[in-house]
Amino acid sequence: MAAYVITEIDITDSTGYEEYKRMGPPAVATYGGKFIARGGKTEVLEGSWSPKRIVILQFDSVERVKQWWSSQEYSAAKRVRHQTAITNMIVVERA
């Protein structure tokens with residue numbers, strides 16, 4: 001069943017984050033993921049949430065998400081992301 005990774009990102013080092021943006025997509029593709037939204041304009045419809053950047057990924061399953069997230073292919077990119085941004089990330093399974 002399809003699963004979606006939703007990430008809220010607050011970039012703290014924009015130059016360094018550009019490197020992450022180059023490193024991340026190949027690892028996503030290796031695990032069959034695809035970008036649904038990647039930093040487009042957001043608009044609050046309800047509540048007080050005002051994210052700076054949202055990224056949404058789609059994978060075939062939660063298991064595949066976890067394989068990608070803990071993979072050797074993604075580890076270097078994840079390290080760069082941790083150094084250049086504050087993130088919140090969830091996975092949600094399609095109902």
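Strand 1 (3-11) and strand 4 (85-93) run antiparallel and are joined by nine bridges, strands being counted as paired if DSSP finds at least two bridges between them. The model is predicted, so local features need pLDDT of at least 70 and side-chain atom pairs count only at pLDDT 80 or more, whereas totals for chains, interfaces and linings use all residues. Residues are numbered from 1 along each chain as its sequence is written, and side-chain values use heavy atoms, with hydrogens and water left out. Helices (H or I, at least four residues) and strands (E, at least two) are DSSP runs, numbered from the N terminus.

**Strand pairing**

- Trp-49 is placed in the loop between strand 2 (34-38) and strand 3, and, once neighbours within four places in sequence are left aside, Trp-49 is in contact (heavy atoms within 4.5 Å) with Glu-8, Val-44 and Ile-54.
- The side chains of Trp-49 and Glu-8 make a polar contact at 3.0 Å, a term for a pair of N or O atoms within 3.5 Å in which, within protein, one must be able to donate a hydrogen and the other to accept it, and for which residues adjacent in sequence count only if both atoms are side-chain atoms.

**Helix 2 and its two sides**

- Helix 2 (residues 62-69) has Val-62, Val-65 and Trp-68 as its buried residues, where buried means under 20% relative accessible area, exposed over 50%, and partly exposed in between (1.4 Å probe, protein chains only).
- Because the buried residues of helix 2 fall within an arc of 120 degrees when seen down the helix axis, they line one face of the helix; the arc is that of the directions from the helix axis to the C-beta atoms.
- The exposed residues Glu-63 and Lys-66 are carried on the face of helix 2 turned away from its buried side.
- The elements against which the buried residues of helix 2 pack are strand 1, helix 1 (14-30), strand 3 (53-59), helix 3 (72-84) and strand 4.

**Salt bridges**

- The whole structure holds three salt bridges, each a side-chain nitrogen of Lys or Arg within 4 Å of a carboxyl oxygen of Asp or Glu.
- Asp-10 and Lys-52 meet through their side chains at 3.6 Å, N to O, and this pair links distant parts of the chain, with Asp-10 in strand 1 and Lys-52 in the loop between strand 2 and strand 3, 42 residues apart.
- Lys-52 counts as exposed because its relative accessibility is 64%, whereas Asp-10, at 27%, counts as partly exposed.
- Lys-21 forms a salt bridge with Glu-18, with the closest N and O atoms 3.1 Å apart, and these residues are three apart in helix 1, so about one helical turn separates them.
- Glu-19 and Arg-22 meet in a salt bridge at 2.9 Å, N to O; at 53% relative accessibility Arg-22 counts as exposed, while Glu-19, at 33%, counts as partly exposed.
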